[in-house]
Amino acid sequence: MVCVVYSALLHCLTGQIVQVEADISDGMPGMELVGFLGSEVKEARERVRMAIKNCGFPMPLRRITLNLSPANIRKYGTGFDLPMAVAILQAMGQIPQEATEKAVFFGELNLSGAVTSINGVLPLALCAKKAGFQRCFVPAANAAEAVLAEDMEVYPVSSLHTLMNHLTGTERIHCCKQDVDLSSKSPAYEYDLKYVQGQPIARRGLEIAAAGLHNIVMIGEPGAGKSMLSKCLPSILPPLNTEECLEVSSIYSVAGQLQEGCGLMRERPFVSPHHTVTEVAMTGGGIYPRGGLIALAHKGVLFLDEMPEFKRDALECLRQPLEDREIRINRSSGSYTYPADFMLVGAMNPCPCGAYPDRKRCNCTSTQRRRYLERLSKPLMDRIDICIEVRNVAYEELISDKRQEDSETVRKRVANAQEIQFARFKRAQFNARMSREQIETYCRLDGGCEKIMERSFETYRLSARGYYRVLKVARTIADLDGEDTIREAHLIEALHFRYADLLAEWKGV
């Protein structure tokens, strides 16, 4: 008799239901695993055998065949250990057939029979729910994320022995209850804008960037406050809605970076790699490709400190995701696509020594400055919406006891702008993500604005991409002011934050 237990396999962030079939027949004693399996799945043979034995169920001296179907899809990961063990025990007659109906099983087994955590339980549970399953048995350490799949009975399993008792009716495992509250107060942030002295222009640019999720670069001397301002950004970013929370949490679940006992990412990610990061680490890869830092920054911030020091390949790989909002990894085994809708934030010095434009302290030649700044290609910089010059703070400002506006106050204005955008687009979308059609609808300019834009187009030598990005920033500024239409002041401020004239001056051209 063939017994069937269900599990699931991950492909990027989507699942594929897998049938785990077990058959015990006469023949040479042993266990055979089939179904296009990766090495870690083949190694499950010994883990499953010893786990069953150490739970008090001696393996039969007969031939055991396990098949993972569909056989045309490669299976990888350690999450099939538990469904394999359950299928074998059911084939041995230890578990009644009806006990596993409408249920899926995920989990890795230790030799002692303990069930340990695996990656990707949240998207697996969502896949099972979509496929019509009603019960989900997962490692106890992963239960907090599995309960996010609504209308699913989630059972936290600590050991194979405990699961056996539950399936045979000896001892019951209690369901986990969903406890998701997105209305809770914002966490206490280590960095707050109230500690930033002066820098009114930089603070304004940061607020605009946060309100519309615009890409931003800050240029200034070392110690002027670029990194500090960037690290304050999470404290003013608009909150994630429920759909975005699940999407971000799924990515971190697959990467194994969800905090234990915390199944939901409530704040936008802030990813800050070192400048020695490689292109593969940025984009993702591997034998069974996983998303890289770009995917981990989805719906959040990718912060590149000392931006010109990054390897050119690592920077240039950002160009396509910044436009398409996804990263595609192609391998001989197939194509893998991860979402990558992130906000790029960069910080850089104006020259190798960092002192320019102070000619008394800067000894860099115009050629050295140009070579340094040209490490950032024109196509990449054309995708930057806002560029800010961060100047050193005067001593009087630094020691001033004047109270600065805190992040909570700014965050409220940003959240109001977010609500305006969501109402306008009738979905969770920010101005930086507007399509051409939406720009023509919501960024119309009157006669005065048209004349300003026409002059600026030639003066700044804007590309078509740059033109539309200026309109998007102007739309965000208008939203912060609560205006339905873009005014001349909004457009002029958006043009002020374009990078072209600033970089040209610092390159010495």
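**Close-up views of a predicted model**

At 40% relative accessibility, R328 counts as partly exposed (buried is under 20% relative accessible area, exposed over 50%, partly exposed in between; 1.4 Å probe, protein chains only). This is a predicted model, in which local features need pLDDT of at least 70, side-chain atom pairs count only at pLDDT 80 or more, and totals for chains, interfaces and linings use all residues. Residues are numbered from 1 along each chain as its sequence is written, and side-chain values use heavy atoms, leaving out hydrogens and water.

**View 1. R328 pairs with D324.** Their side chains form a salt bridge at 3.4 Å, N to O (a Lys or Arg side-chain nitrogen within 4 Å of an Asp or Glu carboxyl oxygen). D324 is partly exposed, at 38%.

**View 2. R469 bridges to E323.** The closest N and O atoms are 3.3 Å apart. R469 sits in helix α20 (residues 464–480) and E323 in helix α13 (residues 319–324), 146 residues apart (helices are DSSP runs of H or I, at least four residues, numbered from the N terminus). R469 is buried, at 4%; E323 is partly exposed, at 34%.

**View 3. E244 and R268 meet in a salt bridge.** The N to O distance is 3.4 Å. E244 is buried at 3% relative accessible area, and R268 is buried at 7%.

**View 4. M282 lies in the largest nonpolar core.** This core has 105 residues (buried Ala, Val, Leu, Ile, Met, Phe, Trp, Tyr and Cys joined through side-chain atoms within 4.5 Å). M84, M282 and L318 have the most contacts inside it. Helix α3 (residues 81–91) gives the most, with seven residues.

Notes
Helix = DSSP H or I, 4+ residues; strand = E, 2+ residues; numbered from the N terminus.
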